[in-house]
Amino acid sequence: MITLYGFGQGFGLPEISPFVTKTEVQLKMAGLAYRKQRAMPPASPKGQLPYIDDDGQSTADSTFIRAHIERKYGFDFDAGLDRPARAQAWAFERMIESHVYWALVGARWVDPDNFAKGPAHFFDGAPEDRREKLREDAQFRVAENYLLSGLGRHAPDDDVELAVRSLLALSVQLGDKPYLMGEKPCGTDATAFGALAGILTPFFESPLRQRAEQFANLTAYVDRLMLQYYPEFAWAPLQQAA
Ligand SMILES: N[C@@H](CCC(=O)N[C@@H](CS)C(=O)NCC(=O)O)C(=O)O
């Protein structure tokens, strides 16, 4: 049995972390049974979530987990795609994880209002005399990573402009297809869904979310994949809200 370690529900999402969402959707795509357990990043062999335990074998990092599933269970997430299409899917994945993701981090962690209503609550259970310091330290550390990612150097507005270029690329790639690479979901759909749902969740107000909402095919895509992979989750369709 596979155990997936993640943050769990929150922020109007079935899973707080885009990377954990990616892995969870890929487990569902592969039709593998799993149980999910809450954890915090220091518990992971690589200090980040997600990680999995598969019959005593620990694998950390969403891409290595995907490789583990492909190797151990013989499931090809990109079945039906030729080599150029696989390369294209990988390039989109890297764009999402190395670029779009950081815009999401900026909106959640650096924006003071969003931080206060969201990530600050990770520390609610900490001893009262240390709680505020832990919050400040964590926000500082994430803001520093955001800066080092490159995108944070352009905050507060130009970072959104750059991220929107990537959202436009995703929107153009999706077009009026059901999935990014065609009629069937591929591995990168899990990545795109995790990041887009994380940006579009109504829980956080942000210029990034407002701009993302302008891409009607991306909002419809998130609604569709939410229903497909998390049918039990109470998600108010974005298309209705628009
Ligand atoms: N490359 C990793 C990235 C995972 C990642 O960034 N996870 C975040 C949550 S979304 C995390 O655990 N951050 C805690 C930290 O970096 O200290 C993957 O693909 O799994």
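User: Which residues are around the ligand?

Analyst: First, the ground rules: this is a predicted model, where local features need pLDDT of at least 70, side-chain atom pairs count only at pLDDT 80 or more, and totals for chains, interfaces and linings use all residues. Residues are numbered from 1 along each chain as its sequence is written, and side-chain values use heavy atoms, with hydrogens and water left out. A residue is near a molecule if one of its heavy atoms lies within 4 Å of it. Here that gives Phe 7, Ser 17, Phe 19, Pro 41, Gly 47, Gln 48, Leu 49, Pro 50, Asp 61, Ser 62, Tyr 101 and Arg 141.

User: Which atom of Leu 49 lies 2.8 Å from a nitrogen atom of the ligand, backbone or side chain?

Analyst: A polar contact is a pair of N or O atoms within 3.5 Å. For Leu 49 it's a backbone N or O atom. Taken alone the ligand exposes 510 Å² (Shrake-Rupley, 1.4 Å probe), and the protein buries 78% of that.

User: Is Asp 82 buried, exposed or partly exposed?

Analyst: Buried means under 20% relative accessible area, exposed over 50%, and partly exposed in between (1.4 Å probe, protein chains only). Asp 82 has 48%, so it's partly exposed. You'll find Asp 82 in the loop between helix 2 (62–73) and helix 3 (83–110); helices are DSSP runs of H or I, at least four residues, numbered from the N terminus. A polar atom of the Asp 82 side chain lies 2.9 Å from the backbone nitrogen of Ala 85.

Key: Polar contact = N/O pair within 3.5 Å; in protein donor to acceptor, adjacent residues only side chain to side chain. Helix = DSSP H or I, 4+ residues; strand = E, 2+ residues; numbered from the N terminus.
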